Amino acid sequence: MAVLARMLARPSGAIGLGLVTLHLLAAALSPWLVPYDATAIDAGLMFAPPDAAHWLGTDQLGRDILTRTLLGGREAILVTLIATPIAVAWGGLTGIHLGLAGGRLDDVLMRVVDAVLALPWILKMLVIIVTFGAGVNVLIPTLAFFYGVPVIRVARAATQGVVARDFISAARARGHGRASIVRRELLPNVLDALMVEGAMRWSWMLLAFSSLSFLGFGVAPPTPDWGLMIADSRSFMAIAPWAALAPVAALSTLIIGINFAADALAKAVGLDRAQTTPH
Amino acid sequence: MSALIDIADLSIGFTTRAGTQAAVLRHIDLAVRAHETIGIVGESGSGKSTLALAAMGYLKPGLGVLGGAVRFAGQDMFAPTPAVPAIRGGRLALIPQNAGQALTPTIRIGAQIAEALRLHSSLPATAHPARVIELLARVRLAAPAELVVRYPHELSGGQQQRVAIAMALAGEPEALLLDEPTTGLDVTTQAHVLDLLRDLAADTGMAMVYVSHDLGAVARVCARVAVMYAGEIVAEGTARQILRTPAHPYARGLIAAIPTLHEPRLPIPLDGRPPTPGATEPGCAFAPRCALAEYACRATPIPLTPSPGGGTIRCRRGPDALRLPLRQDGQLRTPHEDQAATALLRLDGIAVHYARRSLWQQLTNQHPTAAPVVDNIALSLRPGETIGLVGESGSGKSTILKTIAGLIAPLRGTTTLANTPLAPAVAQRDIHDLRRIQLIFQNPDESLNPRQTIATILAQPLQLYFGLTGDTLRARSADLLAQVRLGPHYLDRLPAQLSGGEKQRVAVARAFAADPDIILCDEVTSALDVSVQAAVLALLDDLRRARNTACLFVSHDLGVVRALADRVVVLYQGRICETGPAAALYATPAHPYTEALLGAVLEPDPDHTPRLLAADVVEQGPPATGCPFQNRCHRRLGDICATTAPPTQDLGTGHLVRCHIPLTPRPETAA
């Protein structure tokens, strides 16, 4: 846990981890915290400004914004928390094996990776979603697949920096198998890079999920969701700015928190104890 | 005559996190007069490079002047005046360790030297091109007119170092600071560069401050020597005084740790390790490692006093220190006797090349056309015997080891282990054969996984070959550590928490964990300080002898090979030039390359003059036909050397020479 301590020692790490923890707690506990029913429509309360009863006001259907904002991240966080480890795992293992194997397979597959990365992400996602439909069972594999592709590149580069070193030659000369070399010699040396990359991918995935909701391909109404809330209330920005600002603030604090935390993590592991001077 | 560079009571240090000041250099007094050449020697971490930079008024980031002053011709070099930058690079020039990194890779050689002229020379700009060529000729670079349009990467390491010297000469300096200028160069190149520096100093009357860990190089160039330890000058005097009759125990230990060329003596190690930079002791910093240390040595600061061996020393025990052992007192190694035994490992006609076959060559099943980097290697290693493989960089020494280890598949040739053929690649070998051959690498920072504890590192071979687990595994690991003289508390440490010598001991322990029949040592001591090197060599020899392990020892250092090897194989451009018993080969080298190599070795003796035989050119690859050494040979016969591969001549007792020059079997080589 030395890494965690070092992350917290930096302002960016403390702020980032604080924001992320806050959001995770809110997502986990919000069903028991929220004051109102998220889907209860009240025509008499349309666009009520923030007051003592509705701290963040109400939206165009008179629903409580605080309730909807607290609940609105649950689906996005759940989906991305499942998809991120899958993306890092498959992208990471593929990258490590390509970096280790090299040769023609590496040449060919990396060009495929380049081609996939060259396409705009929204286009790729929309093609899949239009074909197979929205919904969690499509979104999780889609996000995990597309966000695993850039991880291949990072894992391969990190591996190439390690395979040339003598301790890998030593392991090969002793006669260890490839799996053993990956697990014992390589993985501990590329795990840092993968963890930082995973944190970054998580924030990108959250943005992607919310963007899809915003475009109408993510969560179906009336389920509260940040992307959806922003889409619904942006037409009323002039008369009820709070309806759009609350989900925007929630989403951005989470993204900023993840980015701060990832940055602090990178710095913490970049100077971890394997690299410090003796004693 | 007043001093040109006057360093007075200089202390340099950094502020620790706790807020205290830690000194890296402590109370240095050093005066360098015009025309004087002074060597500053010490091991890594002794502060010698910091001192050289401080003489220019430079400090590494994080360091500050704690006291004292540096003056160059009366100018305070730490004063913030425009006079200081004008002196730097002009009247006082620095030659860095790695010229390849000091030269700008994207600017042609000529333009880089011209820039030095523009900044530091009074010559009109129109005269610069001619002066550049003159400077290049001055540092004995061939065809200087063609060189000016080259880029640094097109030159060899030795040529780059010469260009750096030419640049330093551009401002017609009064003093040169040299920071390990020949470290990393091949022996023959090093001897040539040192010869050049020596002549330059004599011709121009430049003062030189030569910083090096290599006492041989310092002996060649410097008239005076200062020995540094833990940021202090502990001994100073003429080169002869310091190198012949050193009276400081550290200086004596340093010299005793250098292997000799004439006899197979194990160098004497200096126990312990230097204090971390910045650590302070009230008394002598060397006391914890000193055989003569008494209570009084540790209690109070030791002043510089006249030495019984000449010069000055910072030691209370000078007269007694003169009785400490020197190089000639190292333990004589008894050569391996078992001459009749059958070969354990045999290489026959091994050839290797790295060229990747093009798609067309793969489709048509052709081999690349270039000559193999290693060719026609035949070698037989008997049980318990040590063979030294020597040669300069690019001679294919490491390639041969990696081929034996199965990391590189040979192009052709066979390898036999105990009369059974050995598969070329690791993947095809069975686990028992793999166990019998173990490899030790040059740099333990690279060969030990930084993320594994020492216990995990040692567990790898023990689990793989013997299936040890749990308590037996840990007990065996601790036992192995004890054999390399490290305590069991090291098991839970990471490599970064160990010193260089300790790391290499762990690497040795890992190799012996497999209980191998053969160990392959790839320059195992070249990343270590000389005192640590001696300890690792002694350890290696002990372990090897106790288990009758055969050893193939690759090194560029002929002294180290002399200390350990029973037989020697001399390689040039991946071809064997000469092979024979160490005693015969060192006493009467028969191949011109062996002769050149041995001639270029530097001894820590001011009266020793290396013989520069071979031309100092660097070849990119072996010639397609004839003798590999034909282009540099000082005894070249004529066209036959270029057209016909040299025959193997047998001088008796296994002394084989591949050369066209007719040789007669010499009776004295039988010794």
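**Reading the labels**

Tutor: Helices (H or I, at least four residues) and strands (E, at least two) are DSSP runs, numbered from the N terminus. A cis peptide bond joins Pro221(A) to Pro222(A), with omega at about 10°. This is a predicted model, in which local features need pLDDT of at least 70 and side-chain atom pairs count only at pLDDT 80 or more, while totals for chains, interfaces and linings use all residues. Residues are numbered from 1 along each chain as its sequence is written, chains are lettered from A and ligands numbered from 1 in the order in which they are written, and side-chain values use heavy atoms, with hydrogens and water left out.

Student: How many helices and strands are there in chain B?

Tutor: Chain B has 25 helices and 26 strands. Its radius of gyration is 26 Å, close to the 26 Å from the globule rule for 671 residues, so chain B is as compact as a globular protein of that length. The radius is taken over C-alpha atoms, and the rule is 2.2 Å times the number of residues to the power 0.38.

Student: Why does Ala230(B) count as buried?

Tutor: Buried means under 20% relative accessible area, exposed over 50%, and partly exposed in between (1.4 Å probe, protein chains only). Ala230(B) has 14% relative accessibility, so it counts as buried. Ala230(B) lies in the loop between strand S9 (224–229) and strand S10 (232–238) of chain B, and has a positive phi of about 50° although it is not a glycine.

Student: What makes Glu523(B) buried?

Tutor: Its relative accessible area is 10%, so Glu523(B) is buried. Glu523(B) is in the loop between strand S21 (518–522) and helix H21 (530–547) of chain B. Its phi is positive, near 50°, in a residue other than glycine.

Student: And why is Cys284(B) put in the buried class or the exposed one?

Tutor: At 16% relative accessibility, Cys284(B) counts as buried. This cysteine, Cys284(B), belongs to the loop between strand S11 (265–266) and helix H12 (295–299) of chain B.

Student: Which residues is Cys284(B) in contact with, leaving aside neighbours within four places in sequence?

Tutor: Contact means heavy atoms within 4.5 Å. Cys284(B) has Cys297(B), Arg298(B), Thr300(B) and Ile302(B) as such partners. Cys284(B) and Ala230(B) are 54 residues apart in sequence and 9.7 Å apart in space, C-alpha to C-alpha.
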